[in-house]
Amino acid sequence: MDPYPLNILMASPEAVPFAKTGGLADVAGALPRELARLGHRVCLVIPRYGTIDGAALGLKEWRRLAVPTALGPIDAIIEQGTLPDGRGRVLAVRHDPYFDRAGLYQEAGRDYSDNLERFAFFSRAVLELLPILKEESGWVPDVFHAHDWQTALSLVYLRTLYAGPSPFHGLRTMFTIHNIGYQGLFPAMDYWKTGLGTELFTPKALEFYGSVSLLKGGLVFADFLTTVSPTYSREIQTPEFGFGLDGVLRERQDRLAGIVNGIDVDLWNPTADPYVPCRYSASDLSGKTVCKAALQREMNLPVRAEVPLLGIVSRLTEQKGLDLVADVLPELAMLDLQVVLLGSGDPAAEARFRALHAQFPRKVGLSIGFDEGLAHRIEAGADMLLMPSRYEPCGLSQLYSLRYGTVPIVRRTGGLADTVVPYSPQAIREGRATGFLFGEAAKDALLTTVLLALRVYAEGEEWKALIRAGMGTNVSWAKSARAYVELYRKMLELR
Ligand code: ADP
Ligand code: GLC
């Protein structure tokens with residue numbers, strides 16, 4: 001327990017178990033719980049999407065308020081609950097016309113046209129909660145930690161519309177970039193909907209080549225910036241990875257750090273996972289064999305213990321480099337192996353994998369869609385996980401793989417480079433190697449590395465060493481949450 005607990009207000013557009021489109025939800029669900037476990041008093045604010053099962057998750061109406069926005073006051077119902085095990089308070093901002101929709105940010109691959117309004121409203125609602133929390137229980141946050149473009153405006157508002165003497169004057173702010181490829185870009189003619197003065201629509205603040213960039217607002221106005229791995233924190237300062245914001249980040253490099261994500265070791269636990277047919281641990285992997293057979297059955301593949309099974313669980317976007325997998329699949333399908341893919345996203349990528357599945361039905365298992373249970377069963381049942389990302393801020397799937405004894409084959413970028421120790425005979429001898437890495441985002445580099453992995457798999461002894469080292473890796477949040485607390489404290493000392 002931390003002897004000097006902090007009050008931490010966190011805002012995220014998604015969080016497990018309430019709403020999830022990607023790894024951000026895992027982080028925003030797990031980090032507050034871990035901070036609470038360390039003794040800090042955390043309040044997480046999320047939008048109350050219509051897809052959230054409020055009754056099952058224990059959300060109940062708490063307050064009603066009118067949120068001032070550029071479009072006039074907009075009513076919000078604030079629902080209250082907790083994260084699992086009662087660790088950490090959750091407030092969900094409800095305004096059904098904005099959030100009671102089939103998707104979080106988009107439908108059928110098209111962004112909602114009013115995303116700027118929706119998240120400007122949410123960002124202001126977060127700040128409107130401050131006086132209410134203070135009045136209710138005297139709770140005043142020391143730190144406000146916001147995640148991704150959807151919450152970035154709250155950091156801008158705090159230093160502009162909400163600046164001046166107030167009990168929240170000393171509040172320090174942290175902004176975490178989970179993926180700089182998603183910036184919340186909107187046409188200049190919609191700028192007025194932010195409610196901010198035109199003096200902020202300049203390249204020094206929210207303007208990005210003639211458009212409005214919400215993410216940039218967060219980068220400029222937050223006291224401290226973090227991203228989700230040290231390597232990615234360096235990569236985004238280069239033109240190759242910065243998506244046009246590398247200059248802004250270089251200017252703020254003394255306020256930018258990278259902290260690798262952990263995983264929720266209660267939710268992702270091969271010894272107690274409710275989604276998998278048989279539990280197992282590092283000391284007895286027999287259950288993993290049962291999981292593999294069940295996965296082969298579930299994916300309509302021949303049930304064979306000896307055949308190497310490669311799993312993929314991923315959003316289907318350019319970022320994830322799965323076009324490289326599609327490129328090499330015809331060659332891989334010549335070999336005795338199986339590939340299972342769970343993913344959804346880009347319609348063209350979905351169609352391409354459907355065609356490959358039809359072409360190689362006994363080699364390629366496919367499930368297009370979002371399926372939490374199947375994601376767990378692939379992590380448990382596969383021998384290897386493929387993650388050939390072009391860039392990867394952190395990546396969680398490879399961390400789940402390590403914990404489930406599934407050897408990751410990943411591209412050397414971002415958090416993948418920081419979390420997987422590459423195979424080499426020496427690294428094996430030293431008990432450090434946990435997976436396979438390749439450098440170039442090219443079909444041949446991927447193929448060569450998969451072939452190496454298959455050789456090591458066939459050999460057997462070294463493979464066991466990889467599994468052992470992977471399962472022995474500490475991937476829990478404990479260390480990362482402490483790193484965040486250290487930064488929070490450092491921030492509190494900043495002038
Ligand atoms: P990103 O956030 O960029 O998508 P991460 O590796 O950080 O990548 O996190 C992805 C998360 O989303 C993991 O928890 C993974 O299991 C999950 N996921 C991705 N695609 C699917 C899917 N189709 N069905 C279920 N879970 C998925
Ligand atoms: C983003 C990134 C992913 C990261 C996740 C959580 O979605 O693409 O690499 O793991 O955020 O931080």
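Tutor: Let's call a pair of N or O atoms within 3.5 Å a polar contact. This is a predicted model, where local features need pLDDT of at least 70, side-chain atom pairs count only at pLDDT 80 or more, and totals for chains, interfaces and linings use all residues. Residues are numbered from 1 along each chain as its sequence is written, chains are lettered from A and ligands numbered from 1 in the order written, and side-chain values use heavy atoms, without hydrogens and water.

Student: What makes Ser397 a polar contact of ligand 1?

Tutor: A polar backbone atom of Ser397 sits 3.3 Å from an oxygen atom of the ligand, so the pair is within the 3.5 Å limit. For Leu396, a backbone N or O atom is 2.8 Å from a ligand 1 oxygen.

Student: How much of ligand 1 does the protein cover?

Tutor: On its own, ligand 1 has 560 Å² of accessible area, and the protein covers 93% of that (Shrake-Rupley, 1.4 Å probe).

Student: Which elements give two or more residues to the shell around ligand 1?

Tutor: They are helices H1 (23-37) and H12 (397-403), plus strands S15 (309-316) and S16 (338-345). S15 gives the most, 3 residues.

Student: Where does ligand 1 lie, and how do you know that?

Tutor: Domain 1 (7-262 + 478-492) and domain 2 (286-474) both put residues into its shell, so ligand 1 lies between them. The bounds come from an automatic or database domain assignment.

Student: What about ligand 2, and which residues are closest?

Tutor: His178, Asn261, Glu392, Cys394 and Gly395 are the closest of the 14 residues around ligand 2, counting a residue if one of its heavy atoms lies within 4 Å. An N or O atom in the Asn261 side chain is 2.8 Å from an oxygen of ligand 2, one in the Gln319 side chain is 3.2 Å from a ligand 2 oxygen, and a backbone N or O of Cys394 is 3.0 Å from one.

Student: What makes the chain agree with a compact globule?

Tutor: For 495 residues, a compact globule would have a radius of gyration near 23 Å, and this chain has 23 Å, so the two agree. The rule is 2.2 Å times the number of residues to the power 0.38, over C-alpha atoms.

Conventions. A polar contact is a pair of N or O atoms within 3.5 Å; within protein, one must be able to donate a hydrogen and the other to accept it, and residues adjacent in sequence count only if both atoms are side-chain atoms. Helices (H or I, at least four residues) and strands (E, at least two) are DSSP runs, numbered from the N terminus.
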